[in-house]
Amino acid sequence: MDSKLVIALDVFDADFAVYFARMIGREIFAIKINWPLVMVRGASIISELSQYSRVICDLKIADIPNTNRLIAEKVAENGAWGVISHAFAGSDSLKAVVEAAKNVKVFSVVAMSHPGSGDLISGSLEDLVRISIEADVYGLIAPGNDLDMLKRVKKMAPGMKILSPGIGAQGGSASLAILNGSDYVIVGRSVYDDPDPLMKAREFNREISNIKH
Ligand code: BMP
């Protein structure tokens, strides 16, 4: 299905995650999983969920090149569609992820959606985008609840896919994010905590399906 919606499934209950993916997988672009599910179920949760949806494995990889390579290889082995890495560990570390991930799409974090990103990360935006372009990543993570930041990222890397969290629970609007440069929005709690997650996901799809930037 042609959706711009990525659902972040930040839960510990792997059985719920599989049930959820089966219910919603066809309606969305991808499911993004993070440490909570990988910690309880292991990397095999990637292949379990991949039966129902593309899976983006958000491990925010940020180590030396050798460790990054090991993590990215395991993610690829389990059939992820995408993986998220930090860029701040430097070009050699990010390049190691890109090499080891092979056909898995690598997204690197260049700006974040929480207030603390202003302490350090926001001040390094230019460098983080440059490191990401040099490493030849597929896409960037940039906040959907900070439209100025999002526009700056889009301007610096016009050809790259932008994936944006910060929607709903963190105050951002899905349609404004897409209008201002995001290709896909990431929504977690606003969907999986809703009494009717499927209906909520469909609402988000309707909101953004016809918006272009
Ligand atoms: P929620 O919609 O529940 O706030 O979830 C947002 C998701 O996006 C979480 O999985 C979080 O780890 C991720 N994320 C974020 O919120 N801000 C960022 O800057 C980068 C992220 O990956």
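User: Hello! In which helix is the place of valine 98?

Analyst: Welcome! This is a predicted model, and the chain averages a pLDDT of 97. Valine 98 belongs to a helix that runs over residues 91-101, namely H5.

User: Which residues is valine 98 in contact with, leaving aside its neighbours within four places in sequence?

Analyst: Contact here means heavy atoms within 4.5 Å. With the neighbours within four places in sequence left aside, the partners of valine 98 are Val106, Ala135, Asp136 and Val137.

User: How far apart in space are valine 98 and isoleucine 24?

Analyst: Along the sequence, 74 residues separate valine 98 from isoleucine 24. In space, taken from C-alpha to C-alpha, the two are apart by 29 Å.

User: Which element of the chain has the highest mean pLDDT?

Analyst: Of the residues, 100% score at least 70. Helix H1 (residues 14-24) has the lowest mean among the elements, at 97. The highest, 99, belongs to residues 82-86, which form strand E4.

User: What radius of gyration does the chain have, and what would a compact globule have?

Analyst: The C-alpha trace spans about 40 × 35 × 30 Å along its principal axes. A compact globule with 213 residues would have a radius of gyration near 17 Å, and the chain agrees with that, having 16 Å.

User: What percentage of the residues in the chain is buried?

Analyst: A residue counts as buried when its relative accessible area is under 20%. Among the 213 residues of the chain, the buried share is 53%.

User: Is methionine 39 buried or exposed?

Analyst: Methionine 39 sits in helix H2 (residues 35-41). Together with Phe12, Trp35 and Val40, Met39 makes a nonpolar surface patch of about 470 Å². Because its relative accessibility is 63%, methionine 39 counts as exposed.

User: How many salt bridges does a search of the whole structure find?

Analyst: One example joins the side chains of glutamate 27 and arginine 202. Elsewhere, Asp15, Arg41 and Glu48 are linked in a network of such bridges. Over the whole structure, the search gives ten.

User: Which parts of the chain does the salt bridge between glutamate 27 and arginine 202 link?

Analyst: The N to O distance in this bridge is 2.7 Å. The partners are 175 residues apart, so the pair links distant parts of the chain. Glutamate 27 counts as buried because its relative accessibility is 18%, while arginine 202, at 36%, is partly exposed. The parts joined are the loop between H1 and strand E2 (30-33), and helix H10 (residues 197-208).

User: With which residue does arginine 152 form a salt bridge?

Analyst: Arginine 152 is partly exposed, at 37% relative accessibility. The closest N and O atoms of the bridge are 3.4 Å apart. The partner of arginine 152 is glutamate 126.

User: In which helix do arginine 130 and aspartate 127 both lie?

Analyst: Their side chains meet in a salt bridge of 3.2 Å, N to O. Arginine 130 has a relative accessible area of 40% and aspartate 127 has 41% relative accessibility, so arginine 130 counts as partly exposed, as does aspartate 127. They are three residues apart, about one turn of the helix, and that helix is H6.

Note on methods. Residues numbered from 1 in each chain as written. Predicted model: local features only at pLDDT ≥ 70, side-chain atom pairs only at ≥ 80, totals over all residues. Heavy atoms only, no water. pLDDT = per-residue confidence, 0-100. Helix = DSSP H or I, 4+ residues; strand = E, 2+ residues; numbered from the N terminus. Patch = residues over 30% accessible without salt bridge, like charges linked within 9 Å, V, L, I, M, F, W, Y side chains within 5 Å. Areas by Shrake-Rupley, 256 points an atom, 1.4 Å probe, with all protein chains shown as cover. Salt bridge = Lys/Arg side-chain N within 4 Å of Asp/Glu carboxyl O. Buried < 20%, exposed > 50% of the residue type's maximum accessible area, 1.4 Å probe, protein only. Rg over C-alpha atoms; globule rule 2.2 N^0.38 Å.
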